[in-house]
Amino acid sequence: MNRTFLRHRRLRQSEAMRALVRETTLTADDFIYPLFIVEKAGVKEEVPSMPGVYQMSLDYLEEELNELDALGIRAVILFGVPNEKDELGKEAYNEEGIVQQAIRQIKKTHPHMLVVADTCLCEYTSHGHCGVVRDDVVENDASLKLLAETAVSQAEAGADIIAPSNMMDGFVITIRHALDEAGFEYVPIMSYAVKYASSYYGPFRDAAESTPQFGDRKTYQMDPANRREALKEALTDIDEGADMLIVKPALAYLDIVREVKDRTNVPIVAYNVSGEYSMVKAAAERGWIDEKQLVFETLLSMKRAGADLIITYHAKDVAKWLKMS
Ligand code: PBG
Ligand code: ZN
């Protein structure tokens with residue numbers, strides 16, 4: 001008789017009360033910040049479709065890393081934009097390649113900064129595909145050899161984490177073997193295990209100059225319609241020795257983030273990709289949304305879905321906002 005309805009609002013009465021019962025939080029430690037390094041001198045150029053994101057040359061790197069340090073961001077992921085591209089993406093595994101140089105420089109000036117190397121060929125091939133092409137087909141096994149060479153050259157330069165994003169079959173085990181043989185048994189693999197063929201990558205391809213010159217990536221990246229297949233990909237990569245798994249893109253795939261989180265026991269990384277970033281920036285520039293609130297809400301949704309870490313172009317903005325609050 002005395003029973004009454006539940007008063008959920010009791011725990012929402014004040015900011016202090018809300019903070020007390022908050023289930024999910026964001027900190028600078030959650031973030032990995034992407035950097036696009038160009039093989040030139042004196043270049044720092046904003047990517048038109050990604051306001052606030054720059055292509056930069058090595059001589060701007062130290063200043064950038066100082067800024068990240070001051071903001072408490074402790075991990076970066078590197079993408080290289082080489083001067084020369086060819087059929088076999090040779091600059092990807094050149095020990096004097098742009099990413100290898102960038103890694104060596106960062107580990108010298110900022111040794112504590114975790115450097116994640118994206119391991120792929122698409123920024124380095126003339127055709128813009130993530131592997132070797134023969135008769136217009138992206139060849140799986142021939143690509144593996146070059147990807148393994150790329151990973152080893154990145155580890156030799158000092159990369160702390162190898163992040164292969166090419167979606168060839170067998171890339172994790174091939175790269176694991178190659179790293180181990182070269183003495184890098186303790187360099188972890190953060191695999192892009194679940195990577196969809198997505199239109200959300202458009203602005204990234206401007207930034208990395210990696211648009212495929214023919215066809216698309218649908219024979220190696222996943223079909224957005226598939227959920228169970230994501231699990232198959234995730235479990236395969238764990239079986240092959242992946243230490244962490246990336247789900248990409250993030251926002252339209254939060255169901256996948258949750259699923260992979262619940263069915264595995266490794267750290268899960270959500271890649272909040274370029275198109276997701278550009279849409280927010282475009283709406284914010286028009287004054288159509290509150291950028292800060294919207295970005296917090298979006299990144300929280302990724303953690304709530306099960307992401308332990310987030311690769312995001314918003315990292316610097318969020319770290320600044322966190323410092324202010
Ligand atoms: C390709 C690669 C892509 C991204 C990172 N590495 C996508 C692609 O072109 O297929 C996308 C990242 C983003 O959109 O922010 N290896
Ligand atoms: Zn690629």
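T298 belongs to helix α10, which covers residues 291-304. The structure is a predicted model. The relative accessible area of T298 is 17%, so this residue is classed as buried, the cut-off being under 20%. A polar atom in the T298 side chain is 2.7 Å from the backbone oxygen of L294.

The remainder of this report concerns ligand 1. Its shell is made up of 17 residues. R205, R217, K248, S274 and Y313 are the closest of them. Sorted by class, the shell around ligand 1 holds nine nonpolar residues, five charged residues and three polar residues.

| Residue | Protein atom | Ligand 1 atom | Distance |
|---|---|---|---|
| R205 | polar side-chain atom | oxygen | 2.7 Å |
| R217 | side-chain N or O | oxygen | 2.8 Å |
| Q221 | side-chain N or O | oxygen | 2.8 Å |

How much of ligand 1 does the protein bury? Ligand 1 taken alone exposes 400 Å², and the protein buries 100% of that area. The space that ligand 1 takes up is the largest cavity.

In short, ligand 1 takes the space of the largest cavity, with R205 and R217 among the closest of the surrounding residues. In helix α10, T298 is buried and its side chain has a polar atom 2.7 Å from the backbone oxygen of L294.

Notes:
Residues are numbered from 1 along each chain as its sequence is written. Chains are lettered from A and ligands numbered from 1 in the order in which they are written. This is a predicted model: local features need pLDDT of at least 70, side-chain atom pairs count only at pLDDT 80 or more; totals for chains, interfaces and linings use all residues. Side-chain values use heavy atoms; hydrogens and water are left out. A residue is near a molecule or strand if one of its heavy atoms lies within 4 Å of it. A polar contact is a pair of N or O atoms within 3.5 Å; within protein, one must be able to donate a hydrogen and the other to accept it, and residues adjacent in sequence count only if both atoms are side-chain atoms. Accessible areas come from the Shrake-Rupley method with a 1.4 Å probe; for residues, only the protein chains shown count as cover. On a 1 Å grid over the protein atoms alone, a cavity is a set of points where a 1.4 Å probe fits but cannot get out, and a pocket is an open set with protein on both sides within 12 Å along at least five of seven lines; lining residues have an atom within 4 Å of a point. A molecule sits in a cavity or pocket if more than half of its atoms lie within 2 Å of its grid points. Ala, Val, Leu, Ile, Met, Phe, Trp, Tyr, Cys and Pro count as nonpolar, Asp, Glu, Lys and Arg as charged, and the others, Gly among them, as polar. Helices (H or I, at least four residues) and strands (E, at least two) are DSSP runs, numbered from the N terminus. Buried means under 20% relative accessible area, exposed over 50%, partly exposed in between (1.4 Å probe, protein chains only).
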